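Hi,

Here is the model I promised to pass on to you. Have a look at it first, and then read on for what turned up when I went through it.

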Amino acid sequence: MISIKGVSKWYGDFQVLRNCSAEIGKGEVVVICGPSGSGKSTLIKTINGLEAFQEGELVVDGTSLNKRGIDLAKLRSRVGMVFQHFELFPHLNVLRNLTISQCRVLGRGRKEAEENALKLLGMVGLEAYCRKFPAQLSGGQQQRVAIARALSMDPVAMLFDEPTSALDPEMIKEVLDVMVDLAKNGMTMVVVTHEMGFAKQVADRVIFMDHGSILEDKPKEEFFGSSGSERCQQFLSKILAH
Amino acid sequence: MFEFDWSSIPGALPYLAEGMVRTLQITFIAVLIGIALGTVLATLRLSKSRFLSGVAAAYVTIFRSIPLVMVLLWFYLLVPQLISRIFNRPNLDIRVLASFVAFSAFEASYYAEIIRAGIQSIPKGQFAAGNALGMSGFQTMRLVILPQAFRRMIPLLLTQAVILFQDTSLVYVIGLQDFFGVAYNVGNRDGTLVELLLFAGAVYFVVCFAASNLARYLQKRLAS
C-alpha cells in the first residue's frame, strides 16, 4: 500500500529525514513514535505529498510520488489525513466540513455527500452536531469530526499526525476509541502518536525514529519486549514511566 | 464680520444629489473592481512563481508610489484613445470611464496589500487541510482561505472604502462633476463658495464618520 524507500529530506543544510525506509501493507496499522524533532511528522507528511523530499522513492497505492507532474491532488484525495490541531474549516458548519471536498473534489451530488457525511458522523457519535460550527465543539469532538471528514473521501489509507496531543486528557479516549474502531475495521493506518496504549492495543508494527532516522521497525510484541536499541528503551522508559 | 448665506443650497440640492450619485458610483465601482483585482494581485504575490510574485509586487509598488492625482490624469490622457478604439462609442463620457479605471487600478494596489495580510493571517494548517482533502491550490484558496480571510478583513476593507470615498473628490482635475465638483461650481456661480464647501465638508464628514464607526463596530464584533 505504502512503500517508502531511502527517503531523505533537507531544510537547507539541515537534514530532517535520513534514508528512511518502511513498507506498510494493506490493512496494517503502524504507529510511529519518537522524541519531538525526530522527523515523524515530516515523514508522515511526505506520504501524501504535503512535504517534498529530495532523495528516495515513495509509492502510495501504486502511485509514485517521484514522478514529475503527478496529480498530487488526486493522490491526496485518496489518502485521509488527521492533524494535531484538527484544522476543521471554521467558517463552515460540521456537515459542510464533511461535504465540501466530496462535492468539489469527487464531484458527488449534495444529497449523496450529505447522506455519507451523516453516516460518518453517526459513526463517530456526532450526528446531532451536524449544524454546529467547529468553534462550538470541544477539542475531542472537533477531532472526531476531522476523522469523519477525512473518511468522507473514502480513503484507501489514513494518516494521523499526533491526533491526540492537542487534547485535554479526558478527551483523548473518545478520539482513540474512534481510531481503534477504524483499525479493527481493517483501515490502513499510519499513526504518529505517543499513546503507547493505543499502539499496544491495535498496532501491527511500531516504528521508532530519532534524529530523522528510523531506528526500529518491529512488530509490537517485539517492540514492547526488551530487545530494542538503547535509545529506544530510553525513550520508552521515559514516556511509560507514569 | 462675515455673514453666511445658505440660501443657494436648497435650490442646488438636486444637482448636489446628482454629484453624490456620481461620487458613490465611482466609489462602488472602484471598491468592487479594486477588491477583485486586489485579490488576484495578492494571490499572485503569494504564489511560488517568482515571476508572478514579482509582477504583482511591481504593480503594487508602482501604484503606491505615485500620487493619485497623477494616476487619474494619466488614465484620462491614455484611456480615451484605447477605449474609443476598442468600444467605438464616441458618446461615451471618457472622463467617467477614466475615473473608473484610474480609481480601480489605484485601489487594487491598496486592497492587494490588505488582502495579502488577510491571507497570511490564516493558519498554515488550513492550507494543508484543504490540500490533504485533495483540493487544488486554487480550490483551497477560494473555498477555505479567502472566505476566512475576507471575514477578518471586512473592517479594513471598509476603512479603505472610506478613504476612497473622500479621494474621489480629486476627479475635479479631469472636470468631472462629482459631489465636491458640483458644490464647488454652485458656490462659484452664486458667490457662496465658503457655504457650499462647508456644507459639502459636513456631508463628507457625516458619511465617513458613520462608515468608520460601522467599521469599528464590525471589528469589535468579529474579534469576539
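**What I found**

Let me begin with chain B, which has eight helices and zero strands. Read along the sequence, its pattern is α-α-α-α-α-α-α-α, and its C-alpha trace spans about 70 × 50 × 25 Å along the principal axes. Please keep in mind throughout that this is a predicted model.

**The six-stranded sheet of chain A**

Chain A has an open sheet of six strands, with mixed pairing and the order β6-β7-β8-β3-β9-β10. The edges are taken by β6(A) and β10(A) (213-219); each of these has a single partner strand, so one side of each has no neighbour in the sheet. On average, and with direction ignored, neighbouring strands here are turned by 15° against each other.

At one end of that order, β9(A) (residues 205-210) and β10(A) run antiparallel and are joined by six bridges. If you want a pair to look up on screen, V206(A) has K218(A) in β10(A) as its bridge partner.

Helix α9(A) (residues 230-239) lies across β3, β9 and β10 of chain A, and runs at about 100° to β9(A).

Over all chains, the structure holds 17 salt bridges.

**The four-stranded sheet of chain A**

Another open sheet of chain A has four strands in the order β2-β1-β4-β5, with antiparallel pairing. Its edges are β2(A) and β5(A) (63-64), each with a single partner strand, so one side of each is left without a neighbour in the sheet.

β1(A) (residues 2-11) and β2(A) (residues 14-24) pair in the antiparallel sense over seven bridges, and I4(A) has A22(A) in β2(A) as its bridge partner. These two strands form a hairpin with two residues between them, and G12(A) in the turn has a positive phi of about 60°. β1(A) is also joined to β4(A) (residues 55-60) by five bridges, again running antiparallel; there, S8(A) stands opposite E55(A).

**Where the chains meet**

How many residues of each chain are in contact? The count is 20 residues of chain A with 17 residues of chain B. Between them the two chains bury about 1,600 Å², 65% of it on carbon and sulfur atoms. F89(A), H91(A) and R104(A) supply 36% of the area that chain A buries against chain B, more than any other three residues.

Which elements of chain A give two or more residues to this side? They are α2 (72-77), β6 (79-82), α3 (94-104) and α5 (139-151) of chain A. By class, the side of chain A that touches chain B has 12 nonpolar, four polar and four charged residues. Across the interface there are zero salt bridges, while four residue pairs are in polar contact, both residues at pLDDT 80 or more.

Terms used:
Residues numbered from 1 in each chain as written. Chains lettered and ligands numbered in written order. Predicted model: local features only at pLDDT ≥ 70, side-chain atom pairs only at ≥ 80, totals over all residues. Heavy atoms only, no water. Contact = heavy atoms within 4.5 Å. Buried area = accessible area lost by both parts, 1.4 Å probe. Salt bridge = Lys/Arg side-chain N within 4 Å of Asp/Glu carboxyl O. Polar contact = N/O pair within 3.5 Å; in protein donor to acceptor, adjacent residues only side chain to side chain. Nonpolar A, V, L, I, M, F, W, Y, C, P; charged D, E, K, R; others polar. Pairing = 2+ DSSP bridges. Axes fitted to C-alpha atoms, helices over the stretch in contact; angles between N-to-C directions.
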